[in-house]
Amino acid sequence: VGHRGAQGVFCRAAALGRALFFDPRLSANGEVACARCHDPAMGLADGLARSVGVDTGDRNAPSLLAAP
């Protein structure tokens, strides 16, 4: 597989990841996407002391930028 083929696989994988990240159907109640608490406009965090996802948590949503 040449570079073009590998790049195509990467692009499809990235598109799938983006779709899943913004899809609320994956949450416990089917209404909250990962992006709700890990907001791309806020450095993939939410800036709140306590995040509100499916339920109010007891901690904030850490940024995903430093995730391994």
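These legends walk you through a few close-up views of one predicted model. Residues are numbered from 1 along each chain as its sequence is written. Because the model is predicted, local features need pLDDT of at least 70 and side-chain atom pairs count only at pLDDT 80 or more, while totals for chains, interfaces and linings use all residues; side-chain values use heavy atoms, with hydrogens and water left out.

View 1. Helices here are DSSP runs of H or I with at least four residues, strands are E runs of at least two, and both are numbered from the N terminus. Of the 68 residues in the protein chain, 21% are buried; buried means under 20% relative accessible area, exposed means over 50%, and partly exposed lies in between (1.4 Å probe, protein chains only). The accessible surface comes to about 5200 Å², and carbon and sulfur atoms hold 60% of this area, as worked out by the Shrake-Rupley method with a 1.4 Å probe, where for residues only the protein chains shown count as cover.

**View 2. The one aromatic pair in the structure.** Here you can see Phe21 and Phe22 in an edge-to-face arrangement, 5.4 Å centre to centre with 80° between the planes. Rings of Phe, Tyr and Trp (its six-membered ring) pair if their centres lie within 6.5 Å; planes under 30 degrees apart count as stacked, over 60 as edge-to-face and the rest as tilted. Phe21 counts as buried because its relative accessibility is 18%, whereas Phe22, at 40%, counts as partly exposed.

**View 3. Leu44 and Leu64 in the segment after α2.** Leu44 has a phi near 65°, a positive value in a residue other than glycine. Although Leu44 and Leu64 are 20 residues apart along the chain, their C-alpha atoms are separated by 5.4 Å. Setting aside neighbours within four places in sequence, Leu44 is in contact (heavy atoms within 4.5 Å) with Phe21, His38, Asp39, Pro62, Ser63, Leu64 and Leu65. The C-alpha atoms of Leu64 and His38, 26 residues apart along the chain, are separated by 7.1 Å. Leu64 is partly exposed because its relative accessible area is 33%.

**View 4. The largest pocket, holding about 210 Å³ of space.** Its lining is made up of 18 residues, with Val32, Cys37, His38, Gly53 and Val54 nearest the centre. On a 1 Å grid over the protein atoms alone, a pocket is an open set of points where a 1.4 Å probe fits, with protein on both sides within 12 Å along at least five of seven lines; lining residues have an atom within 4 Å of a point. By class, the lining has seven nonpolar, seven polar and four charged residues.

**View 5. Arg59, in the segment after α2 (34-37).** Arg59 is exposed because its relative accessible area is 58%. Leaving out neighbours within four places in sequence, Arg59 is in contact with Ala49, Arg50 and Ser51. The C-alpha atoms of Arg59 and Leu48, eleven residues apart along the chain, are separated by 8.8 Å.

Technical notes. Grid points are joined across faces, edges and corners, and a volume is the space filled by probe spheres set on the points. Ala, Val, Leu, Ile, Met, Phe, Trp, Tyr, Cys and Pro count as nonpolar, Asp, Glu, Lys and Arg as charged, and the others, Gly among them, as polar.
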